[in-house]
Amino acid sequence: MTRGVRWMVMALPLWVSACQQEAQGSAPRAPPTAAPAQARPPVTDVTAEGYVMPPLPKGHVRLEDAFGGSHRVEVEIAATAASRARGMMWRTSLDAGKGMLFLFPHEEVQGFWMRNTLIPLDMIFITSDLRVAGIVSRAAPRTFESRSVGVPSRYVLEVPGGWTEKVGIRKGSAVRFDGVTGLAIEP
């Protein structure tokens, strides 16, 4: 057999197979690709940047200012240990009129730090009888210094840094909650 004939005999089955696949409407198979990348396990450390916090309940806090006016803040509500530990970490902004309300099981002296918190915040400490116990204004971001007003509180409202001064919220101001009553507070 000549070289040309031998080549045709060897190539004929491949050609016939390709023609059959084309007639049946299927294209020849592509070579296999690399295996898909392994999925990373979910981040479980609530203080880590990559942690995905489940959506928090929402409500409103109304605060009376020193001049008799009322200011409404739309809040995310942190009522679990994990949501309180996470707080406002890794957020790059907080709009005026927004905040986070921390609910604690008991009234006691509360202390907050700003680890992994990227924006300055005002912290409004609120008693069980819904009065402002004290305010920490413009807490500096990314610090480990504990901030407290030194008196017992059951709730803490975090708002954009400088907000309380701007709207006239003071120690002793009255507070009202909307959409907060009835939420379970986990230790």
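Predicted model: local features only at pLDDT ≥ 70, side-chain atom pairs only at ≥ 80, totals over all residues.

Reader: Let's start with the rings. How many aromatic pairs are there?

Author: A pair of aromatic rings is described by the distance of the centres and the angle of the planes. The rule here is that rings of Phe, Tyr and Trp (its six-membered ring) pair if their centres lie within 6.5 Å, with planes under 30 degrees apart called stacked, over 60 edge-to-face and the rest tilted. By this rule the count is five aromatic pairs. Take Phe-104 and Phe-112: they are edge-to-face, 6.1 Å centre to centre with 85° between the planes. Phe-112 also pairs edge-to-face with Phe-125, at 6.1 Å centre to centre and 90° between the planes.

Residues are numbered from 1 along each chain as its sequence is written, and side-chain values use heavy atoms, leaving out hydrogens and water.

Reader: Is Phe-125 buried or exposed?

Author: Buried means under 20% relative accessible area, exposed over 50%, and partly exposed in between (1.4 Å probe, protein chains only). Phe-125 has 0% relative accessibility, so it counts as buried. Phe-104 is buried at 13%, and Phe-112 is buried at 10%. Phe-102, Phe-104, Phe-112 and Phe-125 form one aromatic cluster.

Reader: Now the strands. In what order do they sit in the sheet?

Author: Strands of a sheet pair through backbone hydrogen bonds, either parallel or antiparallel. Helices (H or I, at least four residues) and strands (E, at least two) are DSSP runs, numbered from the N terminus, and two strands pair if DSSP finds at least two bridges between them. The seven strands form an open sheet in the order E5-E4-E6-E3-E2-E1-E7, with mixed pairing. Strand E5 (132-139) and E7 are at the edges with a single partner strand each, so one side of each has no neighbour in the sheet.

Reader: Which strands pair with E6?

Author: E3 joins E6 through six bridges, running antiparallel, and Met-100 has Glu-158 as its bridge partner there. E4 and E6 are antiparallel too, over six bridges, with Ile-124 partnered by Leu-157. E6 is mostly covered, with seven of its nine residues buried.

Reader: Which residues have the most contacts inside the largest nonpolar core?

Author: In soluble globular proteins, nonpolar side chains tend to be buried together. A nonpolar core is a set of buried Ala, Val, Leu, Ile, Met, Phe, Trp, Tyr and Cys residues joined through side-chain atoms within 4.5 Å. The largest has 20 residues, and Val-61, Leu-63, Leu-101, Ile-124, Leu-157 and Trp-163 have the most contacts inside it. A second, separate core of 17 residues includes Ala-78, Met-88, Leu-94 and Val-136.

Reader: And what does Ile-124 touch?

Author: Contact means heavy atoms within 4.5 Å. Leaving aside neighbours within four places in sequence, Ile-124 is in contact with residues including Leu-63, Val-132, Tyr-155, Leu-157 and Trp-163.
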